[in-house]
Amino acid sequence: MSNVVKMIGLLVLFGLLILIRAFENELFYDPYLTFFKNDYLYIDNPRREVLKLTLFTALRYFLNSAISLGIIYIFFKDWSVVKFSALIYVISFFILLAFFLYFVVNPKQEDYYIFFNIRRFLIQPLLLLLLLPAFYYHKLKSKRG
């Protein structure tokens with residue numbers, strides 16, 4: 001793959017991540033979007049439909065994950081890295097979703113901050129920001145020794 005095609009692919013995929021974020025209100029059901037934009041430490045938990053919220057959160061996670069796996073593939077051209085990343089995404093999804101559902105079903109004001117951060121890992125491609133430098137560092141280390 002030439003560098004031009006690689007750059008165009010990366011621009012398209014990063015553009016898709018930006019579009020998901022830009023149109024999050026229109027694309028996904030998430031009453032916590034406005035809740036966490038306000039002074040959430042002093043207001044009540046929003047009304048929500050748990051199943052609908054869970055499905056839309058999962059959809060957003062899987063869209064971000066699929067795009068992120070594409071970015072990882074373009075960067076490293078190594079299917080073993082993509083497979084390992086996919087495994088990390090799947091395991092992370094179930095762990096994060098369990099905590100997410102706990103906080104959705106049992107909202108406590110003192111837990112809002114931790115809930116905010118767990119939710120952030122589900123709805124934003126933060127794992128990509130962790131995996132790219134980790135795999136790059138591993139690639140550099142394996143070339144040296």
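This is a predicted model: local features need pLDDT of at least 70, side-chain atom pairs count only at pLDDT 80 or more; totals for chains, interfaces and linings use all residues.
A nonpolar patch covers about 640 Å² of the surface. The residues that form the patch are Val 4, Ile 8, Val 12, Leu 16, Leu 19, Phe 23 and Leu 27. Helix H1, which spans residues 3–22, supplies five residues, the largest share of the patch. Leu 16 is one of the patch residues and is located in helix H1. The relative accessibility of Leu 16 is 36%, so this residue is classed as partly exposed, a class that lies between the limits of 20% for buried and 50% for exposed residues.

Under the heading "transmembrane region", an unreviewed UniProt entry lists residues 53–75, 87–105 and 117–137.

The volume of the largest pocket is about 170 Å³. Its lining consists of Arg 21, Glu 24, Tyr 32, Leu 33, Phe 36, Lys 37, Arg 60, Phe 116, Arg 119, Arg 120, Ile 123 and Gln 124. Two or more lining residues come from each of helix H3 (32–37) and helix H6 (112–123).

Definitions and conventions. Residues are numbered from 1 along each chain as its sequence is written. Side-chain values use heavy atoms; hydrogens and water are left out. Patches are made of residues with over 30% relative accessible area and no salt bridge: like charges are joined within 9 Å, nonpolar side chains (Val, Leu, Ile, Met, Phe, Trp, Tyr) within 5 Å. Accessible areas come from the Shrake-Rupley method with a 1.4 Å probe; for residues, only the protein chains shown count as cover. A salt bridge is a side-chain nitrogen of Lys or Arg within 4 Å of a carboxyl oxygen of Asp or Glu. Helices (H or I, at least four residues) and strands (E, at least two) are DSSP runs, numbered from the N terminus. Buried means under 20% relative accessible area, exposed over 50%, partly exposed in between (1.4 Å probe, protein chains only). UniProt positions are given in the numbering used here, feature names are shortened, and annotations may be inferred rather than shown by experiment. On a 1 Å grid over the protein atoms alone, a cavity is a set of points where a 1.4 Å probe fits but cannot get out, and a pocket is an open set with protein on both sides within 12 Å along at least five of seven lines; lining residues have an atom within 4 Å of a point. Grid points are joined across faces, edges and corners, and a volume is the space filled by probe spheres set on the points.
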